[in-house]
Amino acid sequence: MKNNEFDVIIIGGGITGAGTQRDCAMRGLRTLLIERSDIATGATGRNHGLLHSGARYAVHDGESARECIRENRILRHIAAHCVEETEGLFISLPEDDPSYQQTFISRCLEAGIEARAIDPAEAIRIEPSVNPALTGAVVVPDGSVDPFRLCAANMLDSKLRGGQVVLYTEVTGFVREGDAITGVRTRNVQTGEERTYYAPVTVNAAGIWGQKMADLAGVPLRMFPAKGSLLVFAHRINNVVLNRCRKPSNADILVPGDTVCVIGTTSTRIPFEECDHVAVTPDEVNLLISEGAKLAPSLASTRILRAYAGVRPLVSADNDPSGRNISRGIVCLDHEQRDGLKGFVTITGGKLMTYRLMAEMATDVVCRKLGVERSCETASTPLPGSEGKSLRDVAEKIWENPTTAQKAMTGRLGSNAARLKTEDRYDQALVCECEEVTAGEIESAIERLDITTLTDLRRRTRLGMGTCQGQLCTCRAAHLLAVARGCAQKEREDMRDFLSERWKGCLPIGWGDTLREAEYTQWVYKHVLGL
Amino acid sequence: MKFDTVIIGGGLAGLTAGICLQKARRTTAVISTGQSALHFFSGAFETLGNDARTIELFGEAGIRLHYREGWRLMPLGSFREATLSLEDIRFFEERKVGRKALILNFLGYSDFFPEFIAEGLRSTGTACRTGILRIPEVEVLRLSPSEVRSVHIARAMDKVWEKVVQEIRLLHRDEDVIILPQVFGLSDPTVPGQLQGAVPAKVIFAGTLPPSVPGIRTQWQLRRRYEVLGGTFLLGDEAREAVFDGPVLKQILTRNLGAHPLEADHFILASGSFFSKGLSSSPTGIREPLFGLDVSASSDRNAWYDADFHADQPYMGFGVLTDSRLHALKDGRPLPNLFAAGSILGATRPELGSGAGLAIRSAFAITDFLTA
């Protein structure tokens, strides 16, 4: 077997692709994952990071609700180091329909979601930031999940099982033999190098860009891009997920995660051509702040760190080209049955919460095509970082007296933290002070986690994601990369790109302390460093 | 407390104004929150030119400036045109530092960038080698991971800079240039010169990430000079409230002095730009927070920024509006005894320059007017 031949090729390095590769690898297949950018750069990295209990869907979409709660329980087990068990509150405000709460609770219970009504005083005790005008609240098993970490852990596991991952490589076409897709033509977007890979089955897990892949393969697939904008706040206002107990609407979920909290989302249909260039508008910012403040009033006066937007990969459920029948549910298409094209499978729709189930469905189709009979084990096998012992045990084994930086690292890496460089004090030097990322963690990431740019490094370590948005750590980390790779000239450009990327998210909310920090960053890089 | 002039802001503009007025035997007070843009001062007085008056004024404070046409080395290995600078900064006739350079850094110090400097210098034809300095007094700083910064190392170097000389002697081969981080001479400005005298190659002190050691030293020297001249430096205090009599500013109330206002005939607002909180911004506008002065700023937030981070940012040009004498404007009318100096002016007075040049020129202009 040649080194460009596989059992299955997966297109897309988001959570769906990463999950599908892991499932395929666990069933003994030789896998290749191709991603045109870095991991988790599409909708995977651009959502709330909410570990849905399913309660949000209970009233109008019982099937999604049941999927969510099942996957919620699975992720708490297999991805413990990516999940924070915060719980969630669905609060009723005076302007909300008072009868909704009862319907909500009974539908939750029907879907198997624990839902318990509490009185307003109890809600304020559990979550002091909640709007004190609330008239009632329901506790549900919501949580938060770090999608970067989850995606990286799936990919790491695939690689441990022999899977291959190629990043910054786009699919330019397919190899066809008669009525079958038998391979994928690619081009490295950085070097321009062209390569062809072969496999009897290719899985299209490219999210919203799946439409383009289907076009290239010559099968119809109609996506309906919906932009969702979100705001990140500079610290955690809340420690419990806050939702509105009413029909789902704009800006009605506030999720705490890591050092920040996130309000979202809006929903705007956009033309397909805009998917690669979505930006947050001032109107969206105003809406997110005013609606968000109804959940937690202090949000209106809390510093905003960034604004960002993602594109939901909504798809028409059947062959309906009008888009009237758009589904938020999972769509798994065997194009052999649907269009007579062999060796091509599309997995799309769905959500972050149900990525594992989507992967299972896609892998089942792949295995059926390949005649492989092993069953899915992803629901019970922990991801790397979540194996065995509690994080506290891991931390204690590595460090007698963990510093806050070491606690932050254990939080990010789970049991993988045991493999970090910590032997001397140099490794413990802080590179990113906001997020407490050490030189040792950066160097381990450079060695092991497929890093090409500073932005890749950020996705894997949270470097530059804190209150100063990369003011000093940009240059420090660029220098570490320059030393490790001997590429100082490239890193100078990389630094410029990283600062531009950070500014893009600050610009829509550029006032107050954000503007102060931005001005300081301008001074440091233009005048002091002379970049 | 009654003064001739009260100055709000203890950065380059405020201290320069204070020194000029004290020299002219006026009584003054400077209200300083402590930090200023001097803490990230590169050491180069960009936009000022070869200004004899500045050289003399700073020389009297023990700060030696020099000016020569040529180039200076930047912390990431590029070159910029020379300008009036602290003597810590070395000038070169062409964009080349020498034949061979040895670039040395302290083990574990991440705010200095030998690899970038080496790459930059190699592209101009200088061979480069990097090396590591192991100094016990610096190693010990790493017990706390956030204390290996320029000032911490500089404090140690005040005492043990000679150990660096010994290390250099061990590491040096045939290089004609040695490049070190700019962490020498924090409390004693003669240290960089002594160090140069003790090693067998031309030494360049290259910039680090902030805080800037020469910048902090400059602020100390200016403040000491100001106090020696009899000025009252209110460190760690903040102007909170202004009392007017019609258009005339009578008093400033500060956080620390509570019910004891500072009275003066004249006031100079040198409170800096956004970073120093001389200007403040909210979703609905940009204002000068203490007096509500007129500000040159678009009310349309979209016009504040350029989407390209590396382009000139419009918001950085916003500033307090003034008349030709630098009287601050409020509701379109100049206030008779309130002046604005330094970066709070933004780019409203382009003929005065920007950065350090603007700070010094505007301070001179106001104090000349007050002492005429």
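The following is a conversation about a predicted model and the reasons behind some of the terms applied to it.

Colleague: Why is A:Thr474 called buried?

Modeller: The relative accessible area of A:Thr474 is 0%. Buried means under 20%, so A:Thr474 is called buried. This residue lies in helix 15 of chain A, residues 473–485.

Colleague: Which residues does A:Thr474 touch, leaving aside those up to four places away in sequence?

Modeller: A:Thr474 touches A:Leu454, A:Met495, A:Phe498, A:Leu499 and A:Tyr525.

Colleague: What makes helix 1 of chain A largely enclosed by the rest of the structure?

Modeller: Twelve of its twelve residues are buried, so helix 1 of chain A is described as largely enclosed. Among them are A:Ile15, A:Arg22, A:Asp23 and A:Met26. Just after this helix, A:Gly28 takes a positive phi of about 90°.

Colleague: What covers the buried residues of helix 8 of chain B?

Modeller: The buried residues of this helix include B:Leu358, B:Ile360, B:Phe364 and B:Leu370. What covers them includes strand 1, helix 1, helix 2, strand 14 and strand 20 of chain B.

Colleague: Which domains does the assignment give for chain B?

Modeller: The domain assignment gives domain 1 (2–41 + 216–371) and domain 2 (60–211). The contact between them takes eleven residues from domain 1 of chain B and 14 residues from domain 2 of chain B. Together the two domains bury about 1000 Å², 60% of it on carbon and sulfur atoms. B:Arg217, B:Gln221 and B:Arg225 supply 51% of the area that domain 1 of chain B buries against domain 2 of chain B, more than any other three residues.

Colleague: Why is the pair B:Arg225 and B:Glu60 called a salt bridge?

Modeller: The closest N and O atoms of B:Arg225 and B:Glu60 are 3.4 Å apart. The cut-off is within 4 Å, so the pair qualifies as a salt bridge. Across the interface of domain 1 and domain 2 of chain B, the rule finds three salt bridges. Helix 7 of chain B, residues 213–228, gives the most to the side of domain 1 that touches domain 2, with seven residues.

Colleague: How many residues does each chain bring to the contact between chain A and chain B?

Modeller: Chain A brings 45 residues and chain B brings 49 residues. The size of an interface is often given as the accessible area lost when the parts come together. Chain A and chain B bury about 4600 Å² between them, 63% of it on carbon and sulfur atoms.

Colleague: What makes B:Asp111 and A:Arg476 a salt bridge?

Modeller: Their side chains meet at 2.5 Å, N to O. That value is within 4 Å, so the pair is called a salt bridge. The count between chain A and chain B is three salt bridges, and the rule finds 24 residue pairs in polar contact across this interface. Helix 17 of chain A gives the most to the side of chain A that touches chain B, with 13 residues.

Methods: Residues are numbered from 1 along each chain as its sequence is written. Chains are lettered from A and ligands numbered from 1 in the order in which they are written. This is a predicted model: local features need pLDDT of at least 70, side-chain atom pairs count only at pLDDT 80 or more; totals for chains, interfaces and linings use all residues. Side-chain values use heavy atoms; hydrogens and water are left out. Helices (H or I, at least four residues) and strands (E, at least two) are DSSP runs, numbered from the N terminus. Buried means under 20% relative accessible area, exposed over 50%, partly exposed in between (1.4 Å probe, protein chains only). Contact means heavy atoms within 4.5 Å. Domain bounds come from an automatic or database domain assignment. Buried area is the accessible area (1.4 Å probe) that two parts lose on being put together, summed over both. A polar contact is a pair of N or O atoms within 3.5 Å; within protein, one must be able to donate a hydrogen and the other to accept it, and residues adjacent in sequence count only if both atoms are side-chain atoms.
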